[in-house]
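The coordinates are shown first.

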Amino acid sequence: MLFDNGEERAKQFEVTCLEDLVRPDHLLRKIKKHVDFGFIKEKVKGLYSEDSGRPAVDPVVLFKMLFIGYLFGIRSERRLVHEIADNVAYRWFLGFSLNDRIPDHSTLSQNRRRRFNGTTIHQEIFDEIVRQAISHGLVDGTVLYSDATHIKANANKRKHLLKQVPVSTKSYLDELDKAIEEDRRKHGLKPFRPRKEVKVETREIKVSTTDPDSGYMVRDGKPEGFFYLDHRTVDRAHNFVTDVHVTPATVSDAVPYLDRLERQQKAFGFKVEAVALDAGYLTAPICHGLKERKIFGVIGHRRFHSTKGLFPKSRFKYDPETDKYSCPGGRELTYRTTNREGYREYKSTPDECRGCELLDRCTRSKNTQKTITRHVWEDDREQVHANGLTTEGKDIYDGRKETIERSFADGKELHGLRYARMRSLPKVLEQCLLTAAAQNIKKLALILSRREYRLQAA
C-alpha cells in the first residue's frame with residue numbers, strides 16, 4: 001500500500017507515560033500544582049462509615065470529577081463520565097491510568113442523593129477555596145460588588161398552579177420600629193402602641209408543578225417564566241467570588257443583601273470599606289445598614305417618572321434645619337406625622353394652595369393639599385447618592401462591568417450557569433456554589449502560574 005490508513009497502528013501496543021501525554025500548559029496542570037483539594041477528605045469524614053459497606057470512591061476524586069464538569073461546561077454527568085474516559089488529561093488529573101475504569105455516573109448522583117443531601121459540604125468547599133485565595137493575598141475583602149442574575153429553572157412555564165402564599169416579613173422591622181418611635185418623640189408625638197401579631201398578608205403567585213421551589217419572573221427587559229436568582233458577591237482585587245446565595249426569582253435582589261454581607265464578614269473576617277450595587281438595591285434599609293456598618297456605599301440611581309403633568313418630587317426642596325419642604329411656588333410643607341411604614345408626612349396649607357397658579361401642576365387632591373413623604377432613613381439614602389457623585393464613588397461603581405458583570409458572563413458562557421441542571425432550591429444552590437468555586441479555582445491557578453513564571457524570569 002502506498003498510504004497507511006492507521007488502522008493497524010491503532011491496534012499496536014505501546015509503552016508510554018500518561019504524564020507525557022498532557023501538554024505542559026494545560027489548565028489542569030496548573031490547577032493540580034496550585035490548588036489543594038486535600039481538605040475535602042476531612043470535610044466529608046463524618047459522612048462515611050469506616051467499618052461497613054463496600055469501599056467508597058475517594059471523595060477528593062468525586063469532587064474533582066464534578067469540578068471538571070463545571071470547569072469545561074459539561075452539563076450532563078453521564079456525558080462527564082464518557083469525557084473523562086476518553087480524555088487523557090482528565091484521567092491524569094484524577095489519578096486514573098489508561099486502563100482504570102472510571103466510576104459510573106450513578107455514583108455521582110447516588111452520593112448527592114444519599115450522602116451529601118441536606119449537608120453544607122458544597123458551601124464548605126466553596127468557602128475553603130476562597131480561604132486559599134485569601135492566603136495567597138488575592139482577596140482582601142475591602143471593596144465588594146454584589147448583584148443577582150436569573151437562571152432558567154428546569155420547568156415548563158405553562159405547567160403551574162395558582163396559590164396564595166404569605167408575604168415575607170421584613171427582617172429590619174424591629175429596627176425600623178425603634179427609628180419610628182424615636183422620630184415621633186423628636187417631633188413631640190406619642191409613640192405607636194407596640195405592634196400586635198402582624199397580620200399575615202398573602203398574595204397569589206404561580207407555582208410550578210415541575211419545580212415548586214422556582215419563582216415565576218415577570219420583569220422589564222427579562223424573559224418571562226420560572227427562574228432562580230443567583231445572588232453573588234465578588235472582591236475587587238482579582239474578581240474572586242466571595243459569596244453565593246440562591247432564591248426564587250420572585251425575591252427582590254435587595255432582600256438578602258445585608259444578611260449575606262454580614263455572613264462574609266464573619267466567615268472570612270472581611271473589613272469591608274466600600275460596596276457597589278446596581279439600582280435594584282437602592283432602598284432605605286440597605287442605605288441605613290451600610291451607614292450602621294460604616295461602609296462607603298455606591299448604588300446606581302433609578303429614575304422614577306412622576307404622574308404626567310405634575311411636578312416631580314425633586315422640585316420640592318427639603319431644608320434639614322427647619323425640617324420643612326418648599327414647593328415650586330415658594331410655600332412651605334410642614335411636618336404632620338410619622339406613619340407606621342416609617343415615612344414622615346409633610347403637608348401644605350389648603351387655603352394657601354387654592355389661590356396658587358401652579359396648583360394644577362402640584363396636586364389633584366380634592367382638598368387642594370399637597371403631601372410629600374420622607375423616610376426616617378432618607379438621610380442615609382441621600383448620603384449614598386452623594387457618594388456616587390464623588391470621584392472615588394464613580395471609580396468604584398465603574399468597576400462593576402469588569403467584576404460582577406464579567407463574573408456572571410463567564411459563568412453563563414463557559415461554565416453552564418445559564419440553565420438549572422437540576423430541580424429544587426438546594427440542588428440549584430449546589431450548582432451555583434460549584435460553578436463559582438470552579439471559576440475561583442481556575443482564576444487561582446492561572447494567577448499563581450503567572451506569578452511563578454514572573455519570579456522564574458526575574
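Ser-424 is found in the loop between helix H16 (404-414) and helix H17, helices (H or I, at least four residues) and strands (E, at least two) being DSSP runs numbered from the N terminus. The model is a predicted one, in which local features need pLDDT of at least 70, side-chain atom pairs count only at pLDDT 80 or more, and totals for chains, interfaces and linings use all residues. Residues are numbered from 1 along each chain as its sequence is written, and side-chain values use heavy atoms, with hydrogens and water left out.

Ser-424 counts as buried because its relative accessibility is 18%; buried means under 20% relative accessible area, exposed over 50%, and partly exposed in between (1.4 Å probe, protein chains only). The phi angle of Ser-424 is near 95°, a positive value in a residue other than glycine. A positive phi, near 55°, is also found at Asp-323, which lies in the loop between strand S9 (317-319) and strand S10 (324-326).

The backbone nitrogen of Ser-424 lies 3.2 Å from a polar atom of the Asp-211 side chain. Such a polar contact is a pair of N or O atoms within 3.5 Å; within protein, one must be able to donate a hydrogen and the other to accept it, and residues adjacent in sequence count only if both atoms are side-chain atoms. Asp-211 itself belongs to the loop between strand S3 (202-208) and strand S4 (215-217). Leaving aside neighbours within four places in sequence, Asp-211 is in contact (heavy atoms within 4.5 Å) with Ala-153, Asn-154, Ala-155, Tyr-228, Arg-423 and Ser-424.

Ser-348 sits in the loop between strand S12 (343-347) and helix H12 (350-354). Its C-alpha atom is separated by 6.7 Å from that of Thr-371, 23 residues apart along the chain. Not counting residues up to four places away in sequence, Ser-348 touches Glu-332, Leu-333, Arg-336, Cys-353, Thr-368, Gln-369 and Lys-370.

Asp-230 lies in strand S5 (residues 225-235). Among its contacts beyond four places in sequence are Asp-147, Thr-149, His-245, Phe-408 and Cys-432.

| Residue | Relative accessibility |
|---|---|
| Asp-230 | 0% |
| Asp-211 | 2% |
| Ser-348 | 4% |
| Asp-323 | 14% |

The largest nonpolar core has 93 residues, of which Ile-31, Phe-37, Tyr-257, Ile-286 and Ile-299 touch the most other members. A nonpolar core is a set of buried Ala, Val, Leu, Ile, Met, Phe, Trp, Tyr and Cys residues joined through side-chain atoms within 4.5 Å. Helix H17 (residues 425-457) supplies the largest share of this core, 12 residues. Another core, of 9 residues, lies apart from it and includes Cys-327, Leu-333, Tyr-335 and Cys-362.

Helix H4 (residues 59-71) packs against helix H7 (residues 105-116) at an angle of about 115°, with the axes 11 Å apart. These axes are lines fitted to C-alpha atoms, for helices over the stretch in contact, and angles run from 0 to 180 degrees between N-to-C directions. Leu-62, Phe-63, Met-65 and Leu-66 of H4 meet Thr-107, Leu-108, Asn-111 and Phe-116 of H7.
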